Amino acid sequence: MEVLEGKTAEFAELRRKFPAVQQPDWPDPAALRDVTDRLAADAPLVTAGECADLRGRMAAVARGQAILLQGGDCAETFAQVTPDSVRRKLKTLLQMAVVLTHATALPVVKVGRMAGQYAKPRSSPIERQGDLTLPSYRGDAVNGLEFTAGARRPDPARLRTMYEASARTLDLVRSLTTGGFAGLSQVHAWNQGFVARSRAGERYESLADEIGRSLAFMHACGIDTRELGTAEFYVSHEGLLLDYETALTRTDPATGQVYAGSGHLLWIGERTRQLDGAHVEFFSRISNPIAVKLGPSAAADDVLKLIDRLDPHREPGRLTFVVRAGAERVRDVLPVLVEKVGAEGAQVCWVSDPMHGNTTTAPSGHKTRRFETVLDEVRGFVEVHRALGTHPGGIHVELTGDDVTECVGGGNALLVEELPVRYETACDPRLNHTQSLDLAFLLAEMYRDQ
């Protein structure tokens, strides 16, 4: 893709013409311009063809012919950009995908919250600890997690570091998914090991055995499963920092279409989906597949207006709504939205984010989520679509491939008292490797029941 020429100034006007919320207060505008100018001259992280391919895959999700599995860190950190960390996250998602593919007999579109999820919106611009008040941590793309004045000062040089860290992650993901790491037999062997070790393994054993018999049948028929050693994998992040996103926006010379070159799929968060805001305006101009988070306060009329702005031609695969209503509200909130959108003839993807509406604070002060509550929101999401005869398009979860202690419950019954043992998230609590696979097996059961 090529750098935009005539449109460069047009995109630069976004923040002047439209209100842009949740943006850092960069203290040095000249340093910011220097960084974004250099980013604008760099190669995009993803190609127009890859984005178009994902849009086609998302169209299948919208038509009920595929499932979306989207997951990864709440907030990536530069320190975690290591081969082992990336490999474990990818392994977890591949294991989940195999289970869902077998249970649904549908392709699973695999999208990581990776290679760009370095910025976070915050409920407050400041944080207080004792007598000291400092800017809130907004992700490694903006400032540091340490509670010091130096670390919390927004630094535009971090945007360059984000680009380089994202490039390294993408290189590794592409290498792993095409180099045999994603082989079907290997992924199944990982799942067999999980079932054998899990306290809830007996419940999952039947499904794991079915997958094993399917592989044995393929071998008996002379099918070389080594040919299934590659996997399509895409990356996504919240398109929050408009200085970064506009600097990496490119035009495809073959089609003339404009793409955000920072990731395959970008989403607008619950806090930045204002109809007159700069985020909605920016997303309306790019051709990537895009998503919008919808919390419990999302009004049907506003959702319909978002469709008019972001998907005016009603193209399947263009727009995904990620519902984060909370387990107590999803069965009340979701039916109205699905029915209203369907009546408008819009064929969007409906996806469940069961994480953000179910965050609590433990007595120790740690933010956490209960696995059973997360599961209940997913169950409610599937039940609503079953009742309406529509397609529950998949899940969007915060997870890690590590054995962290951030969410309680799950098959191995992590206790509240165990939260401090390995509480490592930079922002919100994530499902660990075991809890993620628990969720995949239980979601597979829901799809089968459907």
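Trainee: Hi! What should I know about the model before we start?
Mentor: It is predicted, so local features need pLDDT of at least 70 and side-chain atom pairs count only at pLDDT 80 or more, while totals for chains, interfaces and linings use all residues. Residues are numbered from 1 along each chain as its sequence is written, and side-chain values use heavy atoms, with hydrogens and water left out.

Trainee: Nice. At what angle do the axes of H5 and H7 cross?
Mentor: Roughly 55°, and the axes of H5 (residues 83–104) and H7 (residues 157–178) come within 10 Å. Helices here are DSSP runs of H or I with at least four residues, numbered from the N terminus. Axes are lines fitted to C-alpha atoms over the stretch in contact, and angles run from 0 to 180 degrees between N-to-C directions.

Trainee: So is H5 oblique or parallel to H7?
Mentor: That angle makes H5 oblique to H7. Under 35 degrees counts as roughly parallel, over 145 as roughly antiparallel, 65 to 115 as roughly perpendicular, and the rest as oblique.

Trainee: Which residues meet there?
Mentor: Pro83, Val86, Arg87 and Leu90 of H5 meet Thr169, Leu172, Val173, Leu176 and Thr177 of H7. Contact means heavy atoms within 4.5 Å.

Trainee: And how do the axes of H5 and H8 cross?
Mentor: They cross at roughly 90° and come within 9 Å. That makes H5 roughly perpendicular to H8. On the H5 side the contact uses Lys91, Leu94, Gln95, Val98 and Val99, and on the H8 side Leu184, Val187, Trp190, Asn191 and Phe194.

Trainee: Which residues of H8 are buried?
Mentor: Val187, His188, Trp190, Asn191, Gly193, Phe194 and Val195. Buried means under 20% relative accessible area, exposed over 50%, and partly exposed in between, with a 1.4 Å probe and protein chains only.

Trainee: Switching topic: how far apart are the axes of H14 and H15?
Mentor: The axes of H14 (residues 371–388) and H15 (residues 433–449) are 11 Å apart, at an angle of about 25°. That makes H14 roughly parallel to H15. Phe371, Leu375, Val378, Arg379, Val382 and Arg386 in H14 meet H15 residues including Gln435, Asp438 and Asp449.

Trainee: What does Arg55 touch?
Mentor: Leaving out residues up to four places away in sequence, Arg55 touches Ser287, Asn288, Pro289, Glu315, Pro316, Gly317 and Arg318.

Technical notes: Helices (H or I, at least four residues) and strands (E, at least two) are DSSP runs, numbered from the N terminus.
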